[in-house]
Each structure stands twice: as C-alpha cells, then as structure tokens.
Amino acid sequence: MRGTSLFLLSVSAAVLAGNAPACAAWQPQKPIEFVATAGPGGGTDNIARAVQNIITKYKLTDQPIVVVNKAGGSGAEGYVYGKASAGDPYKVIFGTSNAWQQPLVSKVAFNYTDLTPIAAMAQDEFLLWVKQDSPYKTAGDYLKAAASGDFKMGGAQSKDTDEVLTRMIEKAGHVKLTYIPFKSGAETAVQLAGGHLDSHVNNPSESIGQWRGGTQRPLCVFSPKRLPQGAKVTATEGWSDVPTCVEQGLDIKQYEQPRTVWLPGKVTPDQAAYYVDLMKKVQATPEWKDYIEKSSQIDTFLTGAEFDKFIKEDLEHLRQVASEQGWLVK
Amino acid sequence: MDNLSELFHGFTIAVTVPHLALMVVGVLLGILVGVLPGLGAPNGVSLLLPLTFGMQPVSAIILLSSMYWGALFGGSVTSILFNIPGEPSSVATTFDGYPMARDGRPTTALATAFGSAAFGALIGVILITFLASWVAQVALAFGPPEYFAVYFLAFASFVGMGGAAPIKTVVALAIGFAIAAIGIDTVSGSVRLTMGIDELVKGVNFVVAVMGLFGIGELLVAVEEEFHARAVSSRIDWREVFRAVGRLPRHGVALLRSAAIGCWMGITPGGPTAASFMSYGIARRFSRRGRYFGTGEVEGIISPETADHAAGTSALLPMLSLGIPGSATAAVMMGGLMIWGLNPGPMLFVDQKDFVWGLIASMYVGNIVAVALVLLTVPVFAALMRIPFVIIAPLIVIICVVGAYSVSNSYLDVVMMLGFGIVGYLFKKLFYPLAPLVLAIVIGDKAEDAFRQSMLMSKGSLGIFFANKLVTCLVVAGIALLLLPLVLQLARPFRKTASPDADTPAQEKVII
C-alpha cells in the first residue's frame, strides 16, 4: 500500500513535472533574437554566442536562435533597439553594467528601466596591469611612482567602467592619472605592450595572452579575495597568485563587471520567468563551466530582487564618482 | 631558415584532402557573400562560426580564412560591374574598374583585379612567413601619435591632387568628417550629431553610406544619360581572362609599389581600406598615365586591388601575434580563436605551432584555390553586363535596399542609404569628388580618436608628432605629399607651356 501510493505519487509528480512547462508557462513560438551590445569577438558577443550554442546543443528550446550585433555607440544601439521593441519577448539583450551606467553619464535615449532585467550571469574581474619590464613589483610601488603625476592609464571607452575604476584608484591612492580612452580592452593591452601607456585595468580575458607572452603582468586584483585556483598562466604563476589590491595597500575592495541579460520592457512576468529559467538551465551545463573557465570570469547568477539590489548599489556608487568628476548629464 | 622548415611542416597539415575540400567550400561561400553587398565577409564569417565549434581549430581557421579570401575577391565583382563596393576596401576599385566595365571590357577589368589581388595576397603571405616576429615588433611601436600619422599619410596621399578643384575636395572631406562624427565619441563618451534621432547613436554604417553614394547615386546619373542606359555588348572570351592576367607583369612597378604599400599598411596597422586608397592616390600621382585615372585605366585597378589584398593578408598577422584584429573579419575570427580555446597573442607562435603554420601554409594554398575558382567565374559575372539596364537597374535598387537593411535590420539605414544616393547624385552633377568623402567617413573617426588620444598624452602639445624618428618620418612624408602638387603647380609655368587645353576633357572625367 505504502509502496503503491509512493509509486503513484512519483508518477503523478513526473507527469506534472513533464507537463508543467507545456500547460502553465509561456513558450516561444518563433525564432529568438539574441542582441549582443558589442561587436563580434567582444566579451558580450562571446557570452551571447556561448549561450546560443549551449541552448542549441541541449535543445533547451525548439526555436532557432540568431545572434545579432548592435555595438554602435558603445552598446547604446542595442539597448535603444531593446527599448524600441517593448513588449516583444523574442529579443534578448546581452550587455554589461553599461545598461545603467551609460544613461547616467551621456545623453543616450534609453535607461535600464526601459528594459526587463533577466539576470546577471557572470562577473568579470578587473586587475591593475603594468608592462612586464616596469620596475614596480607591487601596487604600492606603482602608486609611489605615479605620485609624479605623469602616469598614463589606458582603458576601453570614456566614462565607462575602466575610467570609473581609474578615478577610484586616483582617490584611494592619492595620485593623479591621465586617462586615455581606446575602443576596446584588446587595443589598450597592445598599447601597454608597446610602452605607450604606464598601466591599464583590463579584465583577465583581455590580457591573458599578453601575460603569457611576457609583455605585461598584473600587480593586483580588485576583488575581496584572491581569484580561484586554476591552470597556471605563465610558467610559474596563475590567477590565484595575483594578490588583492587591498593586500597591497590600494584600498578598493571590490570592482566587478557583470554580464547582464535583458528583455525589452512591457513583457509579461510569464515571459520573463521563461528566460530566467532558460538561463538557469544554461548555467547548469558543463559547457557553461568551460566557457567561464576559458574566459577567466566568476560564475554568478543574480536575478529578481538580488539583481535589482545589485543595480541600485552600483548605481549609487557610480553616481558618487560621476558627480565628483562632473560627468552627470542634466 | 627556421621558419621555412616550420612552413613545410605547415604544408603537410594544410595540403590534405579534407582541408583542400574545406578550402574549396570556404572560397565558394566567400565569393557568394562577397558578391552580395551588405552581407560581406564579417557577416559571412560570423554566420559560419557556430558550425566550426566541433572542428579542430586548424580546420576551422582554414575554412574561415578561405571564406575570407573568397569574400575579398567577390567584393571586387560588384565594385567593378555595378559600382557597388561590398567592403570598404574595394571602394577604390570602383574608380577605374567600373568605367572599364562600362566601356565593354568587364572581362579584362575582373581578370586584372583578380590577378593583381592574388599577387598582393602572395606578397602578404611571404612577408608573414619570413618576418613574423619582426612585423609583430613594428606593430608594437605604434601608439596614438603614430596611428594618427599613418591616417594623415593616407589622407595626404589622396587629397591635394586630382581633377577636382581643391576647395571641392576640402568640402567633401569636411562633410565626410562630420558624418564620421555621428554617434558616441570614444574620447569624451558623449553623443554627437544625432539630430534628435535616437537610433543614430550607433553612427553611420559605412556600407549604408557607400551603397547609397555609389550604387544609387550612379543609378540616378545613369537614368539621365542614354550612354549608361544601354547594355554593354561585351564579348565573352575565355582567352581574354588569361591575356589580362598575362599582361600584368608589364605593370611590374605598380604591382610592387602597391604590394609594398599594402603590406606596410596591413602591419602598421592602418588596414586594407586606407591601403587601397593610398595606393590608388600614389599611383595616380606617379603613373605616367595618371591623368587618365578614373576613365578605366589598368593601373587604376591594379593599384588598389594589390594593396587591398596585401594589407588584408598581412593584417592577419597582428591578429595572431598581438591580438589586435586588423579588420572587421579578423575580429570575428579572433572571437573564434577564443571559443576554440586559443589565445591570440605572442604565445600562439610558441604554443600552437601546428595551428599557426597550418594557417600560414593554408594562406598560400587557399589563395591559389581562390584565384583559380574566381578566374573561372569571370565570364559568368562578365555576362551580367549584357543584361539590359531596364532589368539590372531595379535589381541594383533591390540589392542596395536589402543590403542596407541587413546591416543591422534597421529601416532607418534604408532611408539613410537612399539619402546618400541623392548626395552621391548631387556630388556627381556638381563635380565634387566622392573619394575624399568616403575616405573621411571610413577613417575619419579613427584619425580623430588617435589625434585626441595623442593630445591627452602630450597634454596638448603638438610636439608629440615629432617626438621620435618613426612618427616624425610619417608626418614629414604626409606633409611632403600634401605640398607636392602645390610645388608642381608652381613649377609648371616655368617648364611647360604647350597644349594646356588638351587636358581639360580628361580632367573633367577624372573627378571621382
């Protein structure tokens, strides 16, 4: 009796579980467009394509997925497109924190509130990089030398994550740096290798090749604790060997860039829930782990209230830096 | 000679039946996407990219790079036949390629273009083979002031001469710079010149501008003129393909000069577009028949095509050795490298020898496959010219509209493309030159970024452009090229007085 009822229960549970998505939740009925707010080959493009591949491989949806790049205006093109597609659940926008940062500092025609947040799926770390043969061994050495006032810090885009971090370093380290914006982190890395800059704050994936090749090396990572143990990058060192900046007397505890996923505004909660669920399934696959490891990012999954809280905190912090620098748009 | 043995090892990887098959498939797909404007090599490669994830990295890169070669060749086809360049780098090919095709010699124009392109690519690969490490070092020496100096050189070599009145050239340049400024500015991060249209934040795409200026603009002019409206009765002759290729060595100087310019610009990395414009500009100045450029001169096709392919090929080197893509397509391939688990950068040559040398060997073989296939298609493409204007004109409109829309699935782009068509028409009617306008649209914002980055670095002092030997040489060469026509003009009254009027008709036609 007991066995039977248990059996029945499990059968009904299985049936329920099997049917649940079909009868209750929203399902896509036509092809889905993944909008990468970066050009082909950029970090945001890579994540969109990684997610696309995983979904296709595991057949997580029957509908085909196409990735389109809308990289214009530092990604603004993609967000504006998302805003214009209000109510369309077949456009998924992949971006970064510039969804809420950009509207604060330049007159772009969107705000993150025009979009429906789905999740933040990975965190990219920032490190302080110098040229391989530069004399500085620690962040402390670097700051001492930078006190001379003619250090050049490179970064991707203007008034974006890299420049915000540069201004934070100036403040925490009591130095003045000349910030020089380039189009991308890759370009910045090459400029440092050529000795045209003194430092930059690239993400791990943007400079791993140069580190291995011995043209530049990280001084410290802007993270509360050291990065997880992984394969060695150079002959002797790996990411976990890089000290945190706090350890070295540069008091910036944490600075990260989330990879974010959005739907256009005015979609139904059902539709949003479908994509949250889809992204969760993607994250559970070994291919995702592989992608995270290869791109040297930190796995994370923020959604709903947590994601909201993250945005609010980040925005508050940015507003402070931006108002000190006089960047806020009226 | 180390490199040579590595190369032979590479050939053993590249020359296998499956890899040769991949090359043929890649090249054919490439020609297809190259011929369809708006699709283009970067889009084609990104469409193909997901298919390669299951492959060996070396097979995958052979497939993608073959597609790249095919698309580079294919891009010249529409430039020559319909005056619609599919890629920024084939704009300069339209200047003489299209007039020659209209003149009833499409076979010659296409075969010349393909032959010289193959020569340029070959020189590019040879350079990569033997000077890989040196080239990587040269590229590292380029900071913002050097970049600006290279762009300046490109502008200088193209401006300051030609048939159009200098003031008209300046006006065209200024309009081009203004168009290039639309969108978000890299250096200040602010939004510029969007005129209240939210979508313009993305800036003006090159393909949209060029399809309007050249494709639609030419069409509007043609509608007016009976000469254009008739079909070209071109004789399709297989032998002409080989004759045209056989005539190439006669233009040895132009070939070598253009290949050198192309390699230099590919490495530095000014890119294929700047290279083709610069090569065309310099050829026009130094060629004995320079004054006929723009009317269907053979060297006017050879120069941009050779430089374009030499630069396109050598641009792959900075991508592999430094991780900076020299072109949009190279950027997509670089994304592919990362997905296959390879990190572009200096260590690639040490860690992934099979991959690197397999790729380099495949560049030799792939280009030979590409040129063979593409020469076979010449008569087919040339036959398109026989189609009467009343049929081909609507087709061109459709191609332009679809092409503009497919750039980023945006209706605004179609409207802008048509607007550019009217601009192109007005430019032609008023004898304003289109080339400076296009050049400014393509590299204007890059030149601006480099200039302002330099100013940030030097805290506002122009001395940074004379701070080291490299940048001083580039800037001085640029200034010399700018002043040369002025000096020649001043010198002319003393030297020559005969037949000043004989030039005028040719001069008028030269405005491009």
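A: Start with two helices of chain B. From helix 1 of chain B, the contact uses B:E6, B:L7, B:H9, B:G10, B:F11, B:I13 and B:A14. They meet B:K353, B:D354, B:W357, B:G358, B:I360, B:A361, B:S362 and B:V365 of helix 18 of chain B. Keep in mind that this is a predicted model.

By class, this contact has eight nonpolar, four polar and three charged residues. B:F11 and B:I13 are among the residues from helix 1 of chain B. B:W357, B:I360 and B:V365 are among those from helix 18 of chain B.

Now the geometry. Two packed helices are described by the angle between their axes and the distance between the axes. Helix 1 of chain B covers residues 2-14, and helix 18 of chain B covers residues 353-383. Their axes lie 7 Å apart, and the packing angle is about 75°. Angles of 65 to 115 degrees count as roughly perpendicular. Helix 1 and helix 18 of chain B are therefore roughly perpendicular to each other.

Stay in chain B for two backbone details. Most residues other than glycine have a negative phi, and most peptide bonds are trans. B:L193 is not a glycine, yet its phi is positive, about 50°. B:L193 sits in the loop between strand 2 (191-192) and helix 9 (206-224) of chain B. B:L193 counts as partly exposed because it has 15 C-beta neighbours inside 10 Å. B:K459 also has a positive phi, about 55°, and is not a glycine. The loop between helix 21 (434-458) and helix 22 (469-495) of chain B holds B:K459. With 9 other C-beta atoms within 10 Å, B:K459 is exposed.

Next, the partner chain. Chain A has 11 helices and 11 strands. Its radius of gyration is 22 Å, close to the 20 Å of the globule rule for 330 residues, so chain A is as compact as a globular protein of that length. The C-alpha trace of chain A spans about 80 × 50 × 30 Å along its principal axes. Of its 330 residues, 50% count as buried.

Chain A contains an open sheet of six strands. The order is 2-1-3-10-4-11, with mixed pairing. Strand 2 (65-69) and strand 11 (298-302) of chain A are the edges, each pairing on one side only. On average, neighbouring strands of this sheet are turned by 20° against each other, direction ignored. Strand 4 (residues 115-125) and strand 11 of chain A run antiparallel, joined by three bridges. A:A120 has A:L302 in strand 11 of chain A as its bridge partner. Helix 3 of chain A lies across strand 1 (32-36), strand 3 (91-95), strand 4 and strand 10 (256-264) of chain A. Helix 3 runs at about 150° to strand 3 of chain A.

Finally, where the chains touch. 43 residues of chain A are in contact with 43 residues of chain B. Helix 2 (43-57), helix 3 (76-84), strand 7 (177-182), helix 7 (185-193) and helix 8 (204-212) of chain A each supply at least two residues of the touching side of chain A. Helix 7 of chain A gives the most, with six residues. By class, this side of chain A has 14 nonpolar, 18 polar and 11 charged residues.

Technical notes: Residues are numbered from 1 along each chain as its sequence is written. Chains are lettered from A and ligands numbered from 1 in the order in which they are written. This is a predicted model: local features need pLDDT of at least 70, side-chain atom pairs count only at pLDDT 80 or more; totals for chains, interfaces and linings use all residues. Helices (H or I, at least four residues) and strands (E, at least two) are DSSP runs, numbered from the N terminus. The radius of gyration is taken over C-alpha atoms; the globule rule is 2.2 Å times the number of residues to the power 0.38. A residue is buried if 20 or more other C-beta atoms lie within 10 Å of its own, exposed if 12 or fewer, and partly exposed in between; C-beta atoms are placed from the backbone. Two residues are in contact if their C-beta atoms, placed from the backbone, lie within 7 Å. Ala, Val, Leu, Ile, Met, Phe, Trp, Tyr, Cys and Pro count as nonpolar, Asp, Glu, Lys and Arg as charged, and the others, Gly among them, as polar. Axes are lines fitted to C-alpha atoms, for helices over the stretch in contact, and angles run from 0 to 180 degrees between N-to-C directions. Angles under 35 degrees count as roughly parallel, over 145 as roughly antiparallel, 65 to 115 as roughly perpendicular and the rest as oblique. Two strands pair if DSSP finds at least two bridges between them.
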